[in-house]
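Let's take a tour of a protein model and see where some of its residues sit. Have the structure open while you read.

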Amino acid sequence: MADEANSNKEEESQYEIVDNLSFSPLRLHRLPHLTDYLPNLQSFTNPLENNAYYRPFDGFYISSHDVVLPQVIYDVSGTFRSNSPPVAYQRAGPRKQIFFNPADVKAAIVTCGGLCPGLNTVIRELVVGLWELYGVRQVFGIRSGYRGFYSADPVALNPKMVHNWHKRGGTVLETSRGGFDLAKIVDSIQGQEFNQVYIIGGDGTMRGAVKIFEEICHRKLNVAVAAIPKTVDNDVGIIDASFGFQTAVEMAQQAISAAHVEAESAVNGIGLVKLMGRSTGHIALYSTLSSRDVDCCLIPENDFFLEGKGGLLEFLEQRLIDNGHAVIVVAEGAGQDLIPRSEEQQQHDESGNPVFLDVGAWLKSELTKWWKRDHPGDLFTVKYIDPTYMIRAVPANATDNLYCTLLAHSATHGAMAGYTGFVAARINGNYAYVPVTEVAQAKNVVNTQDHKWAWVRSVTNQPDFQKI
Ligand SMILES: Nc1ncnc2c1ncn2[C@@H]1O[C@H](COP(=O)(O)OP(=O)(O)O)[C@@H](O)[C@H]1O
Ligand SMILES: O=P(O)(O)OC[C@H]1O[C@](O)(COP(=O)(O)O)[C@@H](O)[C@@H]1O
Ligand SMILES: [Mg+2]
């Protein structure tokens with residue numbers, strides 16, 4: 001007894017009891033399910049039950065009681081104690097009861113929007129997951145994005161056909177922007193008797209997926225809609241960074257290193273690298289932090305200016321005096337308000353996204369003019385590198401490939417379980433199902449008030465570009 005009391009005391013001394021945070025109740029997001037409007041849908045035992053490789057153990061199946069919390073950081077002082085309970089999402093994974101007979105499943109997979117490393121891996125793993133884990137034999141690829149539902153024949157896919165797709169960049173199914181015709185798409189899903197639709201794409205694609213899901217609900221079709229977010233720009237909220245993002249940042253290092261070498265090897269050399277990031281500067285930010293060769297990082301979330309006190313030119317002048325060279329990384333969406341645009345220049349792409357002017361080319365020209373004006377006769381060079389498509393048109397690295405695999409399998413488990421209108425998402429390293437309606441609205445921009453942006457500024461020592 002004395003021993004037990006001592007050990008309890010010892011254990012207690014290792015912990016401080018904090019009771020300022022309440023985790024109960026949680027606000028568990030309701031996930032749409034096919035039985036919401038098809039209450040008599042038959043359920044089946046998960047075939048993994050009889051799969052020689054898996055031999056389900058206790059805790060193998062995920063139940064609706066398993067949740068993932070997006071918020072994992074708290075101030076335990078209670079200062080910021082919130083009255084609203086934390087939100088939670090259903091944890092992803094195999095369910096014991098499924099709502100599709102695998103023999104009756106006819107799945108469609110579509111990729112939409114711009115490229116992102118790992119697209120082919122997701123397709124591959126959807127095919128392999130459906131085929132090997134559930135015994136589904138009818139899996140089809142939709143060609144060229146949303147428009148492919150109504151304008152092209154689907155391609156029958158099988159594990160043999162896709163076996164090496166994870167080693168290929170791009171999307172073998174092809175992709176496109178625009179072409180979203182809701183009635184034609186849902187008519188095609190209904191007409192071709194697809195009952196699981198897997199949609200891989202970015203923020204625009206997610207907005208389309210919501211409409212498809214809603215129309216399918218409206219028509220009360222036995223069709224599960226599962227989405228997997230893909231965004232090289234990392235502009236989709238709720239999820240951890242998209243698959244392929246890490247690969248893209250890694251690829252960007254080569255361009256930054258080359259810019260650095262060019263700048264260092266010239267007299268008054270500037271290396272300028274433009275990276276993707278339409279309205280968010282995540283790639284530029286992460287590439288800057290991981291490279292450490294960057295003197296200035298320009299992103300759409302933080303306006304900048306050229307001339308005058310606290311401007312870019314004053315900063316570069318000093319860097320050239322101090323170091324003899326400088327490297328600038330600019331996200332494609334930065335500085336758009338500064339660049340003169342003619343009336344006839346295209347404003348939007350087929351999906352309605354803004355079309356940007358080349359901030360890199362404009363900066364190069366402005367820097368060259370500045371130097372000629374202020375330092376006539378002195379040597380100066382700007383080497384502009386635009387690796388735009390090189391960072392996204394590559395196969396995913398090993399970590400991203402694994403990530404794609406887990407997302408695809410999560411999506412497969414969710415659809416087989418009868419969930420619909422959901423996104424397979426990694427949240428704080430765990431896999432969860434999030435209503436697509438939520439993901440479609442959640443934007444992820446760089447927060448210039450947080451530690452990460454402060455860290456960029458401390459690494460580069462660049463100005464904050466606040467006009468004095
Ligand atoms: N608000 C929307 N409603 C329906 N479909 C949309 C919407 N926005 C974009 N889409 C469609 O989603 C697809 C991909 O969108 P896009 O913006 O090009 O790429 P991403 O999904 O990567 O952001 C396109 O076919 C586009 O027409
Ligand atoms: O030339 P494209 O194919 O339209 O792609 C360029 C755009 O694609 C992006 O990578 C992002 O596209 P998504 O919206 O498809 O994710 C942007 O950074 C870039 O502006
Ligand atoms: Mg987008």
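## Before we start

UniProt positions are given here in the numbering used for this model, feature names are shortened, and annotations may be inferred rather than shown by experiment. Keep in mind, too, that this is a predicted model.

## One set of binding-site residues

An unreviewed UniProt entry lists a "binding site" made up of Thr 231, Val 232, Asp 233, Met 276, Gly 277, Arg 278, Glu 332, Tyr 389, Met 390, Ile 391 and Arg 392. From this set, Thr 231, Val 232, Asp 233, Met 276, Arg 278, Glu 332, Tyr 389 and Arg 392 belong to the lining of the largest pocket.

Let's zoom in on Thr 231. You'll find Thr 231 in the loop that runs between β10 (224-229) and α7 (245-264). Is Thr 231 buried or exposed? Its relative accessible area is 4%, and buried means under 20%, so Thr 231 counts as buried. If you skip its neighbours within four places in sequence, Thr 231 touches Cys 116, Val 236 and Ser 242.

## A second set

The unreviewed entry in UniProt also gives a "binding site" listing with Gly 114, Arg 177, Gly 178, Gly 202, Asp 203, Gly 204 and Thr 205. These residues are spread over 92 residues of sequence, yet they cluster in space, with a largest C-alpha distance of 13.0 Å. The lining of the largest pocket includes Gly 114, Arg 177, Gly 178, Gly 202, Asp 203, Gly 204 and Thr 205.

Where is Gly 114? Look in the loop between β6 (107-111) and α2 (119-134). Gly 114 is buried, at 8% relative accessible area. Leaving out neighbours within four places in sequence, Gly 114 is in contact with Leu 119, Arg 177, Lys 230 and Arg 392.

Now hop over to Gly 202, in the loop that links β9 (196-201) and α6 (203-218). Gly 202 is buried as well, with 7% relative accessibility. Again setting aside neighbours within four places in sequence, the contacts of Gly 202 are Cys 112, Lys 230 and Val 236.

## Out on the surface

Which residues form a nonpolar patch on the surface? They are Leu 26, Leu 28 and Val 67, and together they have about 200 Å² of accessible area.

Leu 26 sits in the loop between α1 (2-14) and β1 (27-28). With a relative accessible area of 34%, Leu 26 is partly exposed.

Notes
Residues are numbered from 1 along each chain as its sequence is written. Chains are lettered from A and ligands numbered from 1 in the order in which they are written. This is a predicted model: local features need pLDDT of at least 70, side-chain atom pairs count only at pLDDT 80 or more; totals for chains, interfaces and linings use all residues. Side-chain values use heavy atoms; hydrogens and water are left out. Patches are made of residues with over 30% relative accessible area and no salt bridge: like charges are joined within 9 Å, nonpolar side chains (Val, Leu, Ile, Met, Phe, Trp, Tyr) within 5 Å. Accessible areas come from the Shrake-Rupley method with a 1.4 Å probe; for residues, only the protein chains shown count as cover. A salt bridge is a side-chain nitrogen of Lys or Arg within 4 Å of a carboxyl oxygen of Asp or Glu. Helices (H or I, at least four residues) and strands (E, at least two) are DSSP runs, numbered from the N terminus. Buried means under 20% relative accessible area, exposed over 50%, partly exposed in between (1.4 Å probe, protein chains only). On a 1 Å grid over the protein atoms alone, a cavity is a set of points where a 1.4 Å probe fits but cannot get out, and a pocket is an open set with protein on both sides within 12 Å along at least five of seven lines; lining residues have an atom within 4 Å of a point. Contact means heavy atoms within 4.5 Å.
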